[in-house]
Amino acid sequence: MSTKDELINAKNELKAKKKELVKFRKSNKLKADQVPEDEKLAKTLEKLKGAVEKQEAVLAEIKEKAKAEKGKRGPSTKYDYPMVKDEDSGEEREMTAAEKKKFRAKARAEKKKAEKGEQAPKKEKKEKAPKAKKKKKTEESEEDDD
């Protein structure tokens, strides 16, 4: 059974036990904090109060369990940011927003580079023969004049 179901069941049981306690008090014409003089009624009342308190403890335990399972709230991040040494004081601190942005860009570039390397081998560039230099237009126009 999931924690949510356990929580719902525990709440329902607590409501039922509280109703039973209220019903007992009404049937014996007892106020909320009044203790009956009859020992038999007092024992029954204590038994019902104990059951309610016990159920409240169980409910609190289930709530703590559910809270622990939920974990911390907040956005889940794709990246685990390392601690950075502060340039001024030399102490370790968390990254600033700008540093986180650079870290993410670098991580994406490395990931892309790694994927590219796995998919196809790199093509080696061919060395090109040096091209003949073209003459400037001014030199060409002077030669034409001759």
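The model is predicted. The protein has four helices and two strands. Their order along the sequence is α-α-β-β-α-α.

**Overall make-up**

- The protein has 146 residues, and 13% of them are buried.
- Helix α1 covers residues 3-27. Helix α2 covers residues 39-70.

**Positive patch**

- Helix α1 gives the largest share, with three residues.
- Lysine 63 belongs to helix α2.
- Lysine 63 counts as partly exposed because its relative accessibility is 44%.

- Lysine 65 pairs with glutamate 6 in a salt bridge. Their closest N and O atoms are 3.7 Å apart.
- Lysine 65 sits in helix α2 and glutamate 6 in helix α1, so this pair ties together parts 59 residues apart in sequence.
- Both partners are partly exposed: the relative accessible area is 41% for lysine 65 and 22% for glutamate 6.
- Lysine 18 forms a salt bridge with glutamate 56, with 3.8 Å between the closest N and O atoms.
- This pair also links distant parts of the chain: lysine 18 is in helix α1 and glutamate 56 in helix α2, 38 residues apart.
- Lysine 18 is partly exposed at 39% relative accessible area. Glutamate 56 is partly exposed at 35%.

**Salt-bridge network**

- Aspartate 86 and arginine 93 meet through their side chains in a salt bridge, at 3.5 Å from N to O.
- A network of salt bridges links Asp86, Arg93 and Glu99.
- Aspartate 86 has 23% relative accessibility and therefore counts as partly exposed.
- Arginine 93 is likewise partly exposed, at 24% relative accessibility.

**Arginine 25, a buried charge**

- Arginine 25 lies in helix α1.
- Arginine 25 is buried but has no salt bridge.
- Glutamate 46 is the nearest side chain of opposite charge, 7.4 Å away. The cut-off for a salt bridge is 4 Å between a side-chain nitrogen of Lys or Arg and a carboxyl oxygen of Asp or Glu.
- With neighbours within four places in sequence left aside, arginine 25 contacts Leu30, Lys31, Ala32, Leu45 and Lys49.

- Threonine 3 is in helix α1.
- Threonine 3 is buried because its relative accessible area is 11%, and buried means under 20%.
- Threonine 3 touches Ile62, Ala66 and Glu69, when residues up to four places away in sequence are not counted.

**Glutamate 61**

- Glutamate 61 is part of helix α2.
- Glutamate 61 is exposed, with 60% relative accessible area.
- Its C-alpha atom is 9.5 Å from that of leucine 7. Along the chain, glutamate 61 and leucine 7 are 54 residues apart.

- Most residues other than glycine have a negative phi.
- Lysine 29 is not a glycine, yet its phi is positive, at about 50 degrees.
- Lysine 29 is placed in the loop between α1 and α2.
- Lysine 29 counts as exposed, because its relative accessibility is 74% and exposed means over 50%.

Technical notes
Residues are numbered from 1 along each chain as its sequence is written. This is a predicted model: local features need pLDDT of at least 70, side-chain atom pairs count only at pLDDT 80 or more; totals for chains, interfaces and linings use all residues. Side-chain values use heavy atoms; hydrogens and water are left out. Buried means under 20% relative accessible area, exposed over 50%, partly exposed in between (1.4 Å probe, protein chains only). Lys and Arg count as positive and Asp and Glu as negative; His and the chain ends are not counted. Contact means heavy atoms within 4.5 Å.
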